[in-house]
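Try each task before reading its solution.

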Amino acid sequence: MAKGYNVLFVTSEVLPYSKTGGLADVSNSLPQALNSLSNEVRIITPKYGQLDERRLQIHEIKRLKDINLEMAGKKYKYSIKSSFIHGKNTKAQIYLLENQDFFKNKGIYQNIKTKKDFPNNDERYMFFCKAVLEVLEILQWKPDIIHCNDWQTGLIPFFIKTMYKNNPHISDIKTVFTIHNLAYQGNFPKTTFKKTELPDELFNDNTVKFHDKFSFLKAGIKFADKVTTVSQKYAEEIRTNKEYSCGMEDVLNDRRKDLVGILNGIDNTVWNPSFDKVIDYRYTYQEIPLKYENKRELLEKHKLVYNENIPLIGIISRLVDQKGFDLILDAFDDIMKEKLQMIILGTGDEKYQKFLMKMKKKYNDKLIIHLGFDEDLAHKIEAGSDMYLMPSKFEPCGLNQMYSLKYGTVPIVRNTGGLSDTVTNYKDPKKGNGFLFDKYDSKEMVKTIRTALEVYQDKKTWYNIMKNGMALDFSWNISAKKYMELFKQICNKK
Ligand code: ADP
């Protein structure tokens, strides 16, 4: 096998240390997949206040303790601690950056107590980016590539090419910047730019200025050697369609040559009905009756009646507009008129939480609502549901439709982004694995749900749809190789 690369994977969330969404899953499994291709990938992430050092086996590194860092004329100290992520046959070293000024409180982007974004998120992640670069000199390990993820890490490519351009430890390191969601941009007032202490001339439309704001996301897109996003369809949508580009179409078109869509994989050892440690009955396609036992457990635990002929629709999601909750809200009564049961696990916008609690009372004989973040319940819903509803307005990749396909839980999705790249219309007997609708419209969604309910009653067709989904390979093997290819391209480029 070809010699691999040293890669520092920089991320603001990673399982099992922190998670708000799919980035945490990817940050856990992609580095391990790359390591099994003979790379050495190490991860670095903030050590947020809620992390339990003992439970997560986080250890001190003596020589990386109390490192000085100056930012915006103030002196700070940070330490790097160490831990390991383990897969079945793989692992990855993870560094956790500890600092009392920015990462002491509990919460990732929002303070757990106030449920509001930290007011100093600009400084928190500027500090993180600077510290990541400065620690390299004392780490005694040099990455060929820094793989940055989302706006929280966008300043790294920018700083390498400006602040550290004359630093021999840093200036020749290549960068990949992956956009997991273009809608989150980390746009801050111009006063934030002052805190970088870079010359004012560097704040312009060709660099990091975006509608008079300092955009951390734009910094990543403009200055990284390669820009990736997490599905091919989304890579195309964000460049060509104003509905998806969140104002960044020109910025992205400028990087067109270097913009690549690489579909996320899933961790087959964690999200796999035949190994899943959480579910009550493990199963393969040959053992679908066991899937129904999971359904029975799930329903009975929540005091609903099990009936093989009544399909259960599952949703596990952040409760935000992006995920199509305005459609769900609009069509809720129509959906509930149908012969079905539904289970929704989610947390997010207050308006959706309130609405769902109201619906729970109204339809308590067929609806389960669980507000909160619950990894175990997420597995049980994937295993126990017959269908999975994901009517996203936009979807960079989406993991839950892939988990659903693996669990024989047939997805009903909007035809967009990563959902388009993974779900195939049920009518195709060889590949059909789900139900898609095009227009972002609640009536279209309900129509498609009705079609799925009808097809569900035809067991032979339904089993075939499940089979086609369960047979797909969403492991990281293919995608990790594509990242390798990218690393090769940038490292050979002078
Ligand atoms: P996004 O990153 O946009 O939220 P993805 O589909 O890429 O969407 O990933 C979402 C991940 O977060 C999945 O692993 C999903 O199971 C998980 N998830 C979302 N909400 C919850 C929740 N309330 N409880 C448990 N897991 C959740």
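**Exercise 1.** Find the side chain that makes a polar contact of 2.6 Å with Arg124, then describe the surroundings of Arg124.

*Solution.* 
- The partner is the side chain of Asn121; a polar contact is a pair of N or O atoms within 3.5 Å, where one must be able to donate a hydrogen and the other to accept it, and residues adjacent in sequence count only if both atoms are side-chain atoms.
- This is a predicted model, where local features need pLDDT of at least 70, side-chain atom pairs count only at pLDDT 80 or more, and totals for chains, interfaces and linings use all residues. Residues are numbered from 1 along each chain as its sequence is written, and side-chain values use heavy atoms, without hydrogens and water.

**Exercise 2.** Work out how domain 1 and domain 2 meet.

*Solution.* 
- Start with the bounds, from an automatic or database domain assignment: domain 1 is 6-265 + 477-491 and domain 2 is 288-473.
- Next, count contacts (heavy atoms within 4.5 Å): 20 residues of domain 1 touch 20 of domain 2.
- Finally, look for charge pairing: the count between the domains is 1 salt bridge. Lys19 and Glu375 also deserve a look, as their side chains form a salt bridge at 3.6 Å, N to O.

Technical notes. A salt bridge is a side-chain nitrogen of Lys or Arg within 4 Å of a carboxyl oxygen of Asp or Glu.
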